[in-house]
Amino acid sequence: MSMSSKYPLIYRTLRPVISSSLQISGLGTGPGIGGQVINHLSTFRFSSSDTSSPASGSKNQPEKPIQTVDGKVISTYWGISPAKITKPDGSAWKWNCFQPWDSYKPDVSIDVTKHHKPSNLTDKFAYWTVQTLKIPAHLFFQKHMCHAMLLETVAAVPGMVGGMLLHLKSLRRFEHSGGWIKALLEEAENERMHLMTFIELSQPKWYERVIVFTVQGVFFNAYFMAYVISPKLAHRITGYLEEEAVNSYTEFLEDIDAGKFENSPAPAIAIDYWRLPKDATLRDVVYVIRADEAHHRDLNHYASDIQFKGHELKEAPAPIGYH
């Protein structure tokens with residue numbers, strides 16, 4: 001006698017629901033915010049697509065509906081509930097674009113003045129490519145905030161392209177990436193969070209959105225081809241692009257200090273993402289973003305150097321978490 005015929009009721013009703021409550025705290029040793037305790041309630045369902053309830057005998061019984069914050073029903077079928085996360089004061093964690101364990105204390109001690117001097121034809125080509133890209137950027141986006149938004153929409157592309165191509169390479173060759181897939185995707189996500197922060201501070205006009213749309217389309221395809229042809233060239237271009245980002249944010253800070261740009265309060269998303277004090281200002285935000293860009297600069301020049309020496313990225317440890 002088969003197991004399914006011997007225990008038919010068990011096989012029909014085996015739909016375990018696992019609920020867990022996690023309390024996460026600490027800064028350097030685990031995923032959490034220093035001095036904070038996060039209540040993480042999650043529910044996982046292991047079931048087939050049949051949502052009927054054998055015990056009740058009714059078929060197509062809807063699961064508990066999932067709703068948006070304004071009460072609109074998204075789904076009543078799958079029953080996938082989002083994690084419920086609260087801050088220590090009991091208030092709900094308001095961000096869906098990142099979780100508390102994705103936030104971090106930025107390392108602002110990094111040298112923001114470093115520059116990789118072009119030493120060969122590939123380096124010079126990469127350097128002057130970035131210098132050429134600066135011309136239309138400064139022409140159409142003269143204000144710091146608008147320039148920053150364009151910069152971040154472009155800067156978030158290389159990490160995604162590089163991570164995607166390394167991911168496919170890992171699948172084709174049945175080999176590990178040495179952590180470089182994760183490192184590059186972390187870079188892309190960090191750059192995207194820069195953009196989400198600036199969006200809170202300044203809404204782009206329609207023509208700026210059109211320019212960003214066009215620039216991103218052109219840059220993505222050009223960078224994709226560059227990475228396929230020569231990853232070391234692509235990483236060197238990104239390294240110089242990040243150098244320009246550091247220079248741009250340095251000018252931004254100088255104008256804030258000189259009173260040419262209002263030092264407004266930091267948006268809530270920036271305070272939670274970088275674990276800034278509640279009274280943080282725009283200057284604090286630009287300061288930590290500049291540090292992020294300096295880290296991305298070093299990561300990409302490092303990646304290019306590895307390949308210039310005839311090695312693959314997987315041969316050197318990837319700086320995961322290197323913001």
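Helices H5 and H7 run roughly parallel to each other, a term for angles under 35 degrees, with over 145 counted as roughly antiparallel, 65 to 115 as roughly perpendicular and the rest as oblique. The model is predicted, so local features need pLDDT of at least 70 and side-chain atom pairs count only at pLDDT 80 or more, while totals for chains, interfaces and linings use all residues. Residues are numbered from 1 along each chain as its sequence is written, and side-chain values use heavy atoms, leaving out hydrogens and water. The protein has nine helices and five strands; helices (H or I, at least four residues) and strands (E, at least two) are DSSP runs, numbered from the N terminus.

**Overall layout**

- Along the sequence, the pattern of elements reads α-α-β-β-β-β-β-α-α-α-α-α-α-α.
- Of the 323 residues in the protein, 40% are buried; buried means under 20% relative accessible area, exposed over 50%, and partly exposed in between, with a 1.4 Å probe and protein chains only.
- Taking contacts between residues at least 6 apart in sequence, 70% join residues at least 24 apart, where contact means heavy atoms within 4.5 Å.

**Packing of H5 with H7**

- The axes of H5 and H7 cross at roughly 30° and come within 15 Å; axes are lines fitted to C-alpha atoms, for helices over the stretch in contact, and angles run from 0 to 180 degrees between N-to-C directions.
- H5 passes H7 in a left-handed crossing, meaning that the near helix is turned anticlockwise from the far one by less than a right angle, whereas clockwise would be right-handed.
- On the H5 side the meeting residues are Leu184, Glu187, Glu191 and Phe198, and on the H7 side they are His235, Thr238, Glu242, Tyr249 and Phe252.
- By class, this contact of H5 with H7 has four nonpolar, two polar and three charged residues; Ala, Val, Leu, Ile, Met, Phe, Trp, Tyr, Cys and Pro count as nonpolar, Asp, Glu, Lys and Arg as charged, and the others, Gly among them, as polar.

- Helix H4 (residues 144-173) and helix H7 (residues 231-257) have axes that come within 11 Å and cross at roughly 160°, which makes H4 roughly antiparallel to H7.
- The crossing of H4 past H7 is left-handed.
- Residues of H4 that meet H7 include His144, Met145, Leu151 and Pro158, and their partners in H7 include Leu241, Ala245, Tyr249 and Phe252.
- The residues in the contact of H4 with H7 divide into 10 nonpolar, four polar and four charged.
- H4 and H5 have axes 8 Å apart and pack at an angle of about 160°, which makes H4 roughly antiparallel to H5 as well.
- H4 also passes H5 in a left-handed crossing, and the contact of H4 with H5 has 16 nonpolar, seven polar and four charged residues.

**Nonpolar cores**

- In soluble globular proteins, nonpolar side chains tend to be buried together.
- The largest nonpolar core has 30 residues, and Phe198, Tyr249, Phe252 and Trp274 have the most contacts inside it; such a core is a set of buried Ala, Val, Leu, Ile, Met, Phe, Trp, Tyr and Cys residues joined through side-chain atoms within 4.5 Å.
- H4, helix H5 (180-201), H7, helix H8 (268-273) and helix H9 (282-308) each supply at least two residues of this core.
- Leaving aside neighbours within four places in sequence, Trp274 is in contact with residues including Tyr104, Pro106, His194, Val288 and Ile289.
- A second, separate core of 27 residues includes Leu165, Ala183, Val212 and Tyr227.

**Individual residues**

- Glu244 is found in helix H7 and counts as buried, at 15% relative accessibility.
- Not counting residues up to four places away in sequence, Glu244 touches Val130, Gln131 and Lys134.
- Ala226 has its place in helix H6 (residues 206-229) and is buried, with a relative accessible area of 17%.
- Ala226 touches Pro231 and Ala234, not counting residues up to four places away in sequence.
- Between Ala226 and Ile237 the C-alpha to C-alpha distance is 9.5 Å, and the two are 11 residues apart in sequence.
- Phe174, in the loop between H4 and H5, has phi near 55°, a positive value in a residue other than glycine.
- Phe174 is exposed, with a relative accessible area of 77%.
- Arg275, in the loop between H8 and H9, has a positive phi near 55°.
- Arg275 is buried, with a relative accessible area of 11%.
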